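This report describes a structure for a reader who is new to such models. Please look at the sequence and the structure before reading on.

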Amino acid sequence: MTFSSSSDKPTAGPSWGRRAFLQATGATAASAALLLAGCSSDDPTPEPVNTTLVSLGSNDVGLLNYVYLLKQLQAAFYQKVLDNPPTDLQAGDLAFLNDLRDHEVIHRETLRFALGNQAITTIPIDFTTVTLTTRAGVLATAKRLEDLGSAGIAGILRLVLDQSHFATLLKISSVENRHSTFIRDVLSPAAGTFATDVVVNTPPLLSVAATQTPAQVTANLAPFFLPLSIFTDSLPSA
Amino acid sequence: MNLLSLLNRLSVADQPAAPAPAPRRQALRQLGQAVAAGLPLAMGAGSPAQAKIKDTALDAVQLLLRLEDLLADFYTQALAAPALMAAPFRADLTLLQTHQQNHAAFLRQTLRDAGVTPPPAPTSPRYDFSGRRGNPSNPILFPTVFTGQNGFLEMAQQLEDASAAIYQGQAAFIIGNRLLLDAVLRMQAVEARHAAHLRTLRRTLSGARVKSWPSRADAAPNPAIQVPSQPATTPPSTTSIYAFEANETQIMSGARLVPYATLLTGSNLVQTNALAEAFDEPLPTAQATALLNIFG
C-alpha cells in the first residue's frame, strides 16, 4: 500500500481525485436501469426498479462520500431538532444538541471541501419515519445515528489510502464514538450501557468496537434517503 | 527505549543497513515493515545520525501494550482501593478493567505471532499513580488518585483521553498491516468511549465542568498530567495533554488546509469552541512515552 505524506507531495491533493471512478463525479444520480444494464450477462432479467441510485464512487472518493453522506444526515437531523425543539426537552438538552449539531456541520464541511467537485449532491433527508416532536424520539434517533456513524466509520477506516484523509477521519471517528457514548449516558446512566452492544468480542479481537459495512449502514438508514437509494458496491471492501 | 532498540530503529530508517538482530527484523516484516507510512524516508532524512527516531509498527504495538498494561493496573488498583469500595461506578470499573486486560492480551499475542517475546503481564500493583515513580523520596504529584471518587475520576479522565490520543498517534505507524490496523482502530474507538463515559461520570457525580469530548470550555484538571511541550522549547517546558486538543487546523487531500474561516459562515456558523471539539487529536510518540514514564 502506498501512502502519500502530507508534507512531501503538495501535488498529491488533486491526483487522488482525478484517478477516481467516473461515476463519483458531481452529483451522480443514475437510474437503476442504467446501472443494472452493466450486470453480467448470466444475471436473470433485472426486476424493474424505480428508485434513483446515488453512486458514492470508488477508492478514497467513495469512502469520503460515504462519510459525507452520514454527516449530511446527522447535521440535518440536529438542525431540524433545533429549528423546532420538542417541548419536553430538559435543562441542558439544547446545549448539547447545539454542540452535536456544530460538530456534525464541521465534519460535513470538512468532507465537502476535501471532495471538491467529486462530492455527491446535497441529499434531501426524509424524517417522516422518526419522531422528532418528543425528547424520547430525538434521543432514540440520535443514538441510532451516532451508533451507526461510529460502527460505519470503523467499518471503512482501514481502507482509506491518503494519509491526510486517514488522519482526519480517525479524529472524526474518535469524536463520533464520544457522541454515541454521550447519548447512551444521557439515555441510561446505568453502569455499562455506554459499551454494551457497541463493544464486541470477535476472537482473536476482544473488546473492540463493533463495525458495520456501508451496505448494512445504508440499508438501516434507507428510509431517510427516500426516494433516493445509495449505491455502495463501488466502495473498496478489502 | 534501550540502546539496542534505538540502534535498530535507526538501521530500519536507513535500509538496507547494518544487520539488525534477526528477531526484530523478522517482527518488523511480519508487522508490516511499516516505517511510519513512508514519512521518514520521504522527508529525505540523510544519515541515520541526523534522522529523528523512527516509529515502526513494532514500536507502536509495544508502546500500546505498555499503555494497556498501565490502564489495566490502574483499574485493578482502583477496585482494591478502600476509598472507592462504595463508589457508584464500581461495575464500570470492572468493565473498563476487562476491556484493558483484553486489549493487552491481544497486543501480547500480536507480538508473539511476530516472533517477539512480550513482557510478562504485570502483577498489580505494578505502576505508581502517585507520580513518585516508585521512589518514596520523590514528591507526590497526584495525591488523591485513590483516596476518593473525585480525584480518581479526574485521573481516569486524563488517562483515557490520553489513551485515545496515543492510539491515534500510533495508528499511523501500523498502516502497512490492514488486519492489525483494523484491530488498533477498533481498540482506539473503545478508548474514546471510555474517555467520554468517564467525563460523563465526572460531570454528573463530581459536578466537574467538563463535556464528554475535550473542549476549551472544560475546567482544566488539577493536578494535570504534564508532557513535553510541542514544539520543544529551550529550556524544556511541559504542558497538559489538552494543549494538543486545542488544535483548530485540519489538513485534507494531501496538504490542503481546510479553510474553516470561509466554510463555517452563514447557516454553517458554529460556536466558538466547536472547531477544536469536533476533532480528537493524536498525542505524539514523545509525549506518549513521557506520560507513560511518569507512572513507571
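## Chain B and its partner

In chain B, 68% of the contacts with a separation of 6 or more join residues 24 or more positions apart; two residues are in contact if their C-beta atoms, placed from the backbone, lie within 7 Å. The model is predicted: local features need pLDDT of at least 70 and side-chain atom pairs count only at pLDDT 80 or more, while totals for chains, interfaces and linings use all residues. Residues are numbered from 1 along each chain as its sequence is written, and chains are lettered from A and ligands numbered from 1 in the order in which they are written.

Chain B has 11 helices and four strands, which are DSSP runs (helices H or I, at least four residues; strands E, at least two) numbered from the N terminus. Of its 296 residues, 49% are buried, that is, with 20 or more other C-beta atoms within 10 Å of their own C-beta, placed from the backbone.

The mean pLDDT of chain B, the predictor's confidence in each residue from 0 to 100, is 86, and 82% of the residues reach 70 or more. In two stretches of chain B pLDDT stays under 50, as tabulated here with their contacts beyond four places in sequence.

| Stretch of chain B | Contacts beyond four places in sequence |
|---|---|
| residues 1–20 | 28 contacts |
| residues 33–53 | 46 contacts |

The model as a whole scores ipTM 0.86 and pTM 0.84. Where the chains touch, chain A gives 57 residues and chain B gives 61 residues. On the side of chain A, α6(A) supplies the largest share, 16 residues.

Methods: Buried ≥ 20, exposed ≤ 12 C-beta atoms within 10 Å, placed from the backbone.
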